[in-house]
Every structure is written in C-alpha cells, then in structure tokens.
Amino acid sequence: MTTPFARVTGTGSALPERAVSNAELVRELAARNVETSDEWIVARTGIRQRYLAAEGVGTVDLAERAARAALAAAGVAPDSVDLVIVATSTPDQVFPSTACSVQARLGAVGAAAFDVQAACSGFVYALSLADALIRVGSHRRALLIGAEVYSRILDWNDRSTCVLFGDGAGAVVLEAGSTPGILASRMHADGARGSILTVAGRLNQGAAAGDPFLRMDGKAVFKLAVDVLESSAREVLALADLGPEQIDWLIPHQANIRILAASAKRLGLPPERVVVTVDRHGNTSAASVPLALDVARADGRVRPGQRILLQGVGGGFTWGSVLLRM
C-alpha cells in the first residue's frame, strides 16, 4: 500500500467586525492614563490596526466561521472531515475543547477533535500533527484551525503588550493525496524560557488565581524568536534538500514587523517574498499564520505549485516550521 501524502486543499479566515485603528486605540488608552501614540506603535511593531471581538463573540464563533470558509474553498462537506484540531490559547471554557465545540456546530460527527496549546506556534504544531496522522493512514481529511480572542487576556494598562494583539481565526483543510504537499516539518520547545512570555493565571475554586494577564519580556522574546526562526527554517529546508532561494513565500508568525524583517534578512530573502499582515491584524497568536496564508491565497500571491514556508514562535517557549507545496 502506498503511503499517502498530505496536501492543503482549502483555506479560510474570520475576523471580528470591529477594526480598531491605532488612533482609536490611543484615544481609548488615554482615558486610562496610558500614554502611547500611533507613531510609537508603528515604529516599534508595524501595526496600524487590529480587530477586537465584541462582547459575546468567542473563540468558537471565529473558529467556526474560518472553518466553514476553508471547507467551502476545498469543496468538501463538514461530515467528510475525520479530524478537527484547534490551536488556541484563549478557549471559551476549560472543557469540552474548542475543537469539540466546533465539531458539534459543523456536524462533523465522529471526527476526532482536540485542542493544541502551543501559544503562537499552535497552528504550526497542529499542521505537523495532522500531517503525521494522515501519513500513517489513520485519517484522510483534517480541519485545522487557529483561533484566538486575545483581547480577553490583555492588561489594557500595559502599553508594552495591549497595543500588540488582535482577535481572529484562520483555517485550512488538509487531505490525503498521492503527491507531496507537506514537504518537511519540525516542532521544538524550551520550557526553561517559559517566563519570558506567559499568562500565569489559573482557575481555582471558581475564581482566577495568580496573574490572569499576558506578560512579556519583549527584548528577550525578540532575540530568541529571530534566532530560532532562522535555525528552524534552515532545518526544514535541509530536510527537503532545498535552499532559502527556492522558497516562493515566507509566512512567519505575525508578531512584529522587526522580527519578520530580521528573519527574512538572515535567510537572504527579499521583503517582497514575505507575507505581512501584522499591519492590519496585529498579533493574533495561533491564528496569525493561517490568517496570513488565506489572505495571500485570496489575493492571488500564493498559487498552486508554489513552495511556502510557514513558521510559528511563541510562549512555552515554542517554535516550529512547516514547508509545504500548495
């Protein structure tokens, strides 16, 4: 029996209705006596706006919308899916998992469903896992979703973090096929670095215990992110026997324009071959990579046959890369 390969056959995304410009955010923060400016935010992050979910809109809501868009793009029915993985750090509840809630809404009855919690690397982890499950023959069609509502875990009095993040979801359909789609992938983590990007709060006896907000050592995250993104990229390229110049598009986690630019420079890639959406979406954590992939596919940049390098890096500390052919 021939070992199957896994290919991306559809992508989709979803954003909240409200787009919040830097100017609007600056006004809202000023009311809290938090000083910042559009110029400061753009210069340090490249972000010009982000989308924030309205009260009552949860991670499952965004995940479902992105999933339906990806299924429609692939031309497949929800009940044909046999695996649902959601990457998220902001589930609506402790359990059931976000994946199980999405599965129920879609009607993908009987499909295996679980969440992956690897912060901003979550989607890359999910894609790697689904590829492995398809390659061993246990599943044929997977729905992979990155979905976040980070606005619920931000300290809006901390300008070093609250200006960075946004809400959203992205999804892909991954199917078994006879030609290679996922060319190489690798996942890594260093738990000893967990304190540089963390949400340390937890539920205890019906109340939040500890610090429930996102905290970050920006300088430490920047240095480590640039280093591991380069090493991870070179690792998967070596596994596929390819060089950086043979990549059509680099789609890294959309954390900060300076991280994106530094990573591309180390690989010798020109800026025009890097997909950038952080300016319009902010950092959407596990949603950022599939969101950016869907944007680039929808506008015609990403086309069938092209080689795409997807990269995630985030809390844990986690990182990883997936090299795929569309």
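Start by selecting helix α7 (residues 218–239) and helix α8 (residues 257–267): their axes come within 9 Å and cross at roughly 40 degrees. That angle makes α7 oblique to α8; angles under 35 degrees count as roughly parallel, over 145 as roughly antiparallel, 65 to 115 as roughly perpendicular and the rest as oblique. Axes here are lines fitted to C-alpha atoms, for helices over the stretch in contact, and angles run from 0 to 180 degrees between N-to-C directions. The helices and strands on this tour are DSSP runs numbered from the N terminus (helices are H or I, at least four residues; strands are E, at least two).

Before you go on, know that this is a predicted model: local features need pLDDT of at least 70, side-chain atom pairs count only at pLDDT 80 or more, and totals for chains, interfaces and linings use all residues. Residues are numbered from 1 along each chain as its sequence is written, and side-chain values use heavy atoms, with hydrogens and water left out.

Now show the side chains between the two helices. From α7 come F222, A225, V226, D227, L229, E230, A233 and R234, and they meet R258, I259, A262, S263, R266 and L267 in α8. By class, this contact has 8 nonpolar, 1 polar and 5 charged residues. Contact means heavy atoms within 4.5 Å.

Next, pick out the strands β1, β7, β6, β4 and β5. These 5 strands form an open sheet in the order β1-β7-β6-β4-β5, with mixed pairing; two strands pair if DSSP finds at least two bridges between them. β1 (5–14) and β5 stand at the edges with a single partner strand each, so one side of each has no neighbour in the sheet. Going from one strand to the next, the twist averages 20 degrees.

Select G10 and you'll find it opposite V173 in β7. Helix α10 (residues 288–298) packs on the sheet too, touching β1, β6 and β7, and its direction makes about 90 degrees with that of β1.

Slide over to strand β4 (residues 83–87). Is it buried or exposed? It's mostly covered, as 5 of its 5 residues are buried, where buried means under 20% relative accessible area, exposed over 50% and partly exposed in between (1.4 Å probe, protein chains only). L83, I85 and A87 point one way, V84 and V86 the other, and all are buried. β4 pairs with strand β5 (residues 112–116) in the parallel sense over 5 bridges, and the bridge partner of A87 in β5 is V116.

Then find R68 in helix α3 (residues 59–74). R68 is partly exposed, with a relative accessible area of 38%. Leaving aside its neighbours within four places in sequence, R68 is in contact with R105 and L106. R68 and L106 are 38 residues apart in sequence, yet 7.9 Å apart in space, C-alpha to C-alpha.

For the last stop, select the open sheet of 4 strands in the order β8-β15-β14-β13, with mixed pairing. β8 (182–189) and β13 (249–252) are the edges here, and the twist averages 10 degrees from one strand to the next. β13 runs parallel to strand β14 (residues 307–314), joined by 4 bridges. Finish on I251, whose bridge partner in β14 is L310.

Methods:
Nonpolar A, V, L, I, M, F, W, Y, C, P; charged D, E, K, R; others polar.
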